[in-house]
Amino acid sequence: FSDGGYLTRSHVAAVLTIVFPSNHNLNTHSFRIGGASALAAGGVPEYIIQSMGRWSSDSFLRYLRLPQASLRVYQMQMI
C-alpha cells in the first residue's frame, strides 16, 4: 500500500466478504489453490510452486486442479 503496509490475508478476506456476500465457499485458500493450479498448468516445476506457496511439504499436490484440456493432451500421449 502507499503507506508501506502489506496486503494481508485478513484484508483479502474482508474484501471477499463484501464483494461476494452470498458465496461462503470462496476464501483466501481458494487463491492458493488457483495460484498453484495455474502455475502447474503453465509447466512451472513443483519445487517452485512449493516455494512460492510457502508449503513445507508436498501437501500442495492435493490442491492442484489441472484443466481438462491439459489432461486430454497427456491421455493422447499415452495412446
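Serine 37 is buried, because its relative accessible area is 8% and buried means under 20%. The model described here is a predicted one. Serine 37 belongs to helix α2, which covers residues 28-41.

Which residues does serine 37 touch, not counting those up to four places away in sequence? They are Tyr63, Leu64, Arg65 and Leu66.

## Overall form of the chain

The protein chain contains four helices and zero strands. Read along the sequence, its pattern is α-α-α-α.

The radius of gyration of the protein chain is 16 Å, whereas a compact globule of 79 residues would have a value near 12 Å. Along the principal axes, the C-alpha trace extends over about 55 × 30 × 25 Å. Among contacts in the protein chain with a separation of 6 or more, 30% are between residues 24 or more positions apart.

## Burial and surface

Of the 79 residues of the protein chain, 13% count as buried. The accessible surface amounts to about 6400 Å², and carbon and sulfur atoms contribute 60% of it.

One part of the surface is a nonpolar patch of about 400 Å², made by Val15, Ile18, Val19 and Phe20. Of these residues, valine 19 lies in helix α1, which comprises residues 9-19.

The side chains of threonine 28 and arginine 9 are joined by a polar contact of 2.9 Å. These two residues, threonine 28 and arginine 9, are 19 residues apart along the chain, and their C-alpha atoms are separated by 6.7 Å. When neighbours within four places in sequence are left aside, the residues in contact with threonine 28 are Arg9, Val12, Ala13 and Leu16.

## Serine 10 in helix α1

Serine 10 lies in helix α1. This residue, serine 10, is exposed, because its relative accessible area is 52% and exposed means over 50%.

A polar contact of 3.0 Å links the side chain of serine 10 to that of threonine 8. What is the distance in space between serine 10 and glutamate 46, C-alpha to C-alpha? Serine 10 and glutamate 46 are 27 Å apart in space, and 36 residues apart in sequence.

## Arginine 54 in a loop

Arginine 54 is found in the loop between α3 (46-52) and α4 (68-78). With a relative accessible area of 70%, arginine 54 is exposed, as the cut-off for exposed residues is over 50%.

The backbone of arginine 54 also deserves attention. Phi of arginine 54 is near 60°, which is a positive value in a residue other than glycine. Most residues other than glycine have a negative phi.

Terms used. Residues are numbered from 1 along each chain as its sequence is written. This is a predicted model: local features need pLDDT of at least 70, side-chain atom pairs count only at pLDDT 80 or more; totals for chains, interfaces and linings use all residues. Side-chain values use heavy atoms; hydrogens and water are left out. Helices (H or I, at least four residues) and strands (E, at least two) are DSSP runs, numbered from the N terminus. Buried means under 20% relative accessible area, exposed over 50%, partly exposed in between (1.4 Å probe, protein chains only). Contact means heavy atoms within 4.5 Å. The radius of gyration is taken over C-alpha atoms; the globule rule is 2.2 Å times the number of residues to the power 0.38. Accessible areas come from the Shrake-Rupley method with a 1.4 Å probe; for residues, only the protein chains shown count as cover. A polar contact is a pair of N or O atoms within 3.5 Å; within protein, one must be able to donate a hydrogen and the other to accept it, and residues adjacent in sequence count only if both atoms are side-chain atoms. Patches are made of residues with over 30% relative accessible area and no salt bridge: like charges are joined within 9 Å, nonpolar side chains (Val, Leu, Ile, Met, Phe, Trp, Tyr) within 5 Å. A salt bridge is a side-chain nitrogen of Lys or Arg within 4 Å of a carboxyl oxygen of Asp or Glu.
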